[in-house]
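Please set out a briefing on the predicted model shown here, with the points grouped by topic and the cut-offs behind each term given once.

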Amino acid sequence: MHFLAPSLLLGVLAAVLPALIHRIGRRRARPVRFAAMELLMRADREVAARRKLRDKLLLIARTALAAALPLAFAQPFALVRSDLPAVTGRSQSAVMVLDDSASMRRHGPSGTPFAVARDRARAVIEHLSPDSEVALVLASEGTAAPIAELSGDRPRVLAALDAVTASARAADFGAALRRATQILSSSTRADRLIYVATDLQAAGWGGVTAATLTGVPQVVVMDASDGVPWTNRAVLDLHAEPAPEEGAQGLAILAEIANFSPQPVSRLGVTLALDGAQTARGFVDVPANGRARKRFVLTAAGGHQADVAIDHDDFPLDDHRVALVEAARGLRILVVDGDPRTVRTEDETFFLEAALRAGGSGFSVTTVLPDQLGERDLSAYGAIFVANVSRPTTAAAAALERYVRGGGGLFISVGAKVDADAWNQTLAPLLPQPLGLARSAAALPGSHTDGETVDLRPAERLAPFDRRHPLLSAFPARGEGLASARFFEYMLLAPVPDAPARRTLLRYESGAPALVETQVGRGRVLLLTTSIDREWTDLPIRPGFLPLVQEAARYLAGAPSGEATAALGVGERREIPLEPDERRIEVIRPSGDSRWLMPASRPDPRSRRVVVFTETDEPGFYRVRAARADGTIADRPDASFVVDLAPGESDPARLPDDRRPDRGGGRTGAGPAPQRRLELWHLLGAAAIGLVLLESLLTLRFRRGRARA
Amino acid sequence: MPGLALDPRDIARLESMSVRARVIVEGAFAGLHQNPHAGSSIEFSEHKEYAPGDDIRRIDWKAVGRVDRYYLKRFEDETEMRAFLLLDASASMGYGREGPTKLAYASYLTAALAYLLAQQGDPAGLLIFDAETRQMLPPRTRGGHVRDVLGALDAVYPAGRTDPARALSYVAEIADRRSLILLFSDLLDAPAELSDRLRQLRARGHDVALFHILHPDEIELPFDELTEFEAMEPGDDRRLLVDPRDLAVSFRKASAALRDRWRRACIEARVEYQLATTADPPAEVLRAFLFARQRGRK
């Protein structure tokens, strides 16, 4: 033990004072010859044990107090071996890189690795020489540095360090080291160091190679896990797909579960919750260091928030995953017949209905006239086929748009009755491209009469198409069934800039679009640029017509919008478009707190209004609502989204030693361990306070006893 | 009348034991019209000259007419009551602080009773004892006997250990007829067999009363500084260095238990028990004793 003020130790001699006073007091006792000695001795026997104990305690407390005070004033300390890197003792410019990624939130034997890392970072910062300067950078991707410049204001740096909490983001040490290097480039000191407090999970070091470390100052890694390996189980993926075996509304939810452990896991509990309510529970066996899939099959309609959770382990953050799934709306099909005929075979939708009703399809087909469209509850239908409707009414157009934006599927086919201008005016938001002129490719067979000029031009056929689209994947490689179809007339489409939501699935040999798909809101629209009957094409009598129509119906009825259900990574931003009548957007985070967002002013009034949400720091379901111009607030299921944990954060694989930035080129923080001073006067001060309290307590009891006497 | 009952310290300042005895007796009877000690009986025995406090209803007016002096009629059970006054003069009786010692106080009471008995014409003897019988004056009725008794009380001093049971045994041997036996002691080191002696005396028809004399210190232990207590009786070398405030509660309990023990023993033996502290006016104690006896007779 050492002392800062050893001369004050002389005060320890005061420790003999209480005993001395006690002895003097005994000598000064008044002698009394007393007759009732027997009574006195009897009374003394009764209280002697308690009195002697109290007297001894008082004497000890007072002696210890008399000794503790001068000892504390002498400021004792002990020199203990420090577990800090040796280099911390040098005067330097340093950047502390603190790993705040998701994996640091797991529970370990000594708390979370994040807490350990932060404590070690704090110890290093406190131990740096007073003239050192330090900055603080976080390792999670996309996070701003709390102290982005070198600072000698140690309390400020420590306060910033204390304010850091572990995030759910993935680690990106490449970016963090680049940032640290950039900060240190402003320093002119010889000693420039980067301290990295991390659990050394390999996933975050993907961007760090020997090449990227060129020019990086000395790196000192402080392992918050102390090299102790950890195991983990995680739900890595969650998605839905149709489950035909359960009927039209069958839905299969598939969870991919990983076991990052050398031991297999048997009967791991897996729970499915739909919209917050537990729906199913099962078990799964996962091989060692392997993966397994758990498939839940159920019947459901509409969109749902699915949450699959496994039995918890030390890292609960990845023990569940959320996804937005949408079941098929059912196989109810609404056909809008724009050119009804009294002769059934001449009816516009004769072939369409026949194909949809073909044996075993399961479709329930309802046919209406165009003026009945606005009266119907369209949400009950999985898909709507609008065939050769001349000009949709405003009400019908609005109903169709709501239907599609809400996730419905619309198939539009044209014909001689279609008024392209009217369509372009009323249904422009739904059309993949504006309709143009009708083009005659060839005369219909048998349509020319004697004496007229015979149109000898060959009819258009379909160009080879990409079978990777789900609608076309059922067709043979060379497109048999569709390739033979002839197209005598079709409608051209006005050119528009490319858009990611629009795809041309089929083209004529001339290059003109034949079947175009676009996404509108959460729904899809397919536009066939020719007729669905035999007026402009013989497609309806070709073998490919039936599968094309049925697949289109299934695709439109059952397929959810890819964009709507796409999950974001933690920290990614989300653009949310506003409908024309919406003023503000509310985003409710998984924790329940919400943010209201106002769209920024638009430089171009014709551009669409959007809000950008950036606070995607928590994995889970983010619900979106909109405040409309009329003051009402409505859910925006089409804009709601899910934020997922990066799968790499679940993998406990440790960064190999040969890839550690502190193990190459002799650049290490090793060396003789420094000693640090362990102050003891706090302890003695606390002991003195305790002794004062004890002495006061004993004296108080003593006086109370006498007052009773 | 409490106003006329002198404080023990005032009593101590009086010049002789005979004066003290008279003052105490007068204090006890001051304002009273009846001697509470005298009883009544049917069978006339003899005359007794009137003394203050005697019942004037019992004045024999015929005798007054004959001899021009006041005489009372006395009855059979009032005549020749032999009394033994037993005074504990052991060392422990010598304790006193701020006032008379227990022995002095007990002497005052003994003297007053001796004086009163002589006034009534009853023979009274005195036995001063410690562990042994130190002095014995047998009961007599001659004129100078009371002076001898008061003189012996004036000269008494505390010494030796105590054995009241032995003193009672001695009296039991010499008391050949029914007698009044009054014991004055602090009973601090009295043996348990004292209870048996008291019972035996009562069984033989003696009228026994016990004056338990204590100093207030032996009831309250009022000391308030570190004190080294030493035993008083010879051969007892016990010492205790203690802050008396630590022991006060337990001491009071022990002291109360001692008094209670002897009170119970007296009740069981049908012996009168009279507690007196050296702070109590002796006249009051005497009056209380006489009234208690009168009540007992009725």
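In chain A, 39% of the 709 residues are buried, where buried requires 20 or more other C-beta atoms within 10 Å of a residue's own, exposed means 12 or fewer, partly exposed lies in between, and C-beta atoms are placed from the backbone. This is a predicted model in which local features need pLDDT of at least 70 and side-chain atom pairs count only at pLDDT 80 or more, while totals for chains, interfaces and linings use all residues. Residues are numbered from 1 along each chain as its sequence is written, and chains are lettered from A and ligands numbered from 1 in the order in which they are written.

**Chain A**
- Chain A has 11 helices and 33 strands, which are DSSP runs numbered from the N terminus (helices H or I, at least four residues; strands E, at least two).
- Of the contacts in chain A with a separation of 6 or more, 75% are between residues 24 or more positions apart, a contact being two C-beta atoms, placed from the backbone, within 7 Å.
- Helix α2 (residues 37-73) of chain A has a kink of about 55 degrees centred on A:Val47, the bend being the angle between axes fitted to the seven residues ending at a residue and the seven starting there.
- Just after α2(A), A:Gln75 takes a positive phi of about 50 degrees.

**Contact between the chains**
- Chain B gives 29 residues to the contact and chain A gives 24 residues.
- On the side of chain B that touches chain A, the largest share, 10 residues, comes from α9(B).
- Strand β2 (residues 30-34) of chain A pairs with β8(B) in the parallel sense over five bridges, pairing being defined by at least two DSSP bridges between two strands, and within β8(B) the bridge partner of A:Pro31 is B:Glu228.
- B:Thr227, found in strand β8 (residues 227-231) of chain B, counts as buried because it has 21 C-beta neighbours inside 10 Å.
- Leaving aside residues up to four places away in sequence, B:Thr227 touches A:Ala29, A:Arg30, A:Val32, B:Val242 and B:Pro244.

**Sheet in chain B**
- An open sheet of six strands in chain B has the order β5-β4-β3-β6-β7-β10, with mixed pairing.
- Because β5 (133-140) and β10 (272-277) of chain B stand at the edges with a single partner strand each, one side of each is left without a neighbour in the sheet.
- Strand β3 (residues 82-88) and strand β6 (residues 179-185) of chain B pair in the parallel sense over six bridges, and in β6(B) the bridge partner of B:Phe84 is B:Ile181.
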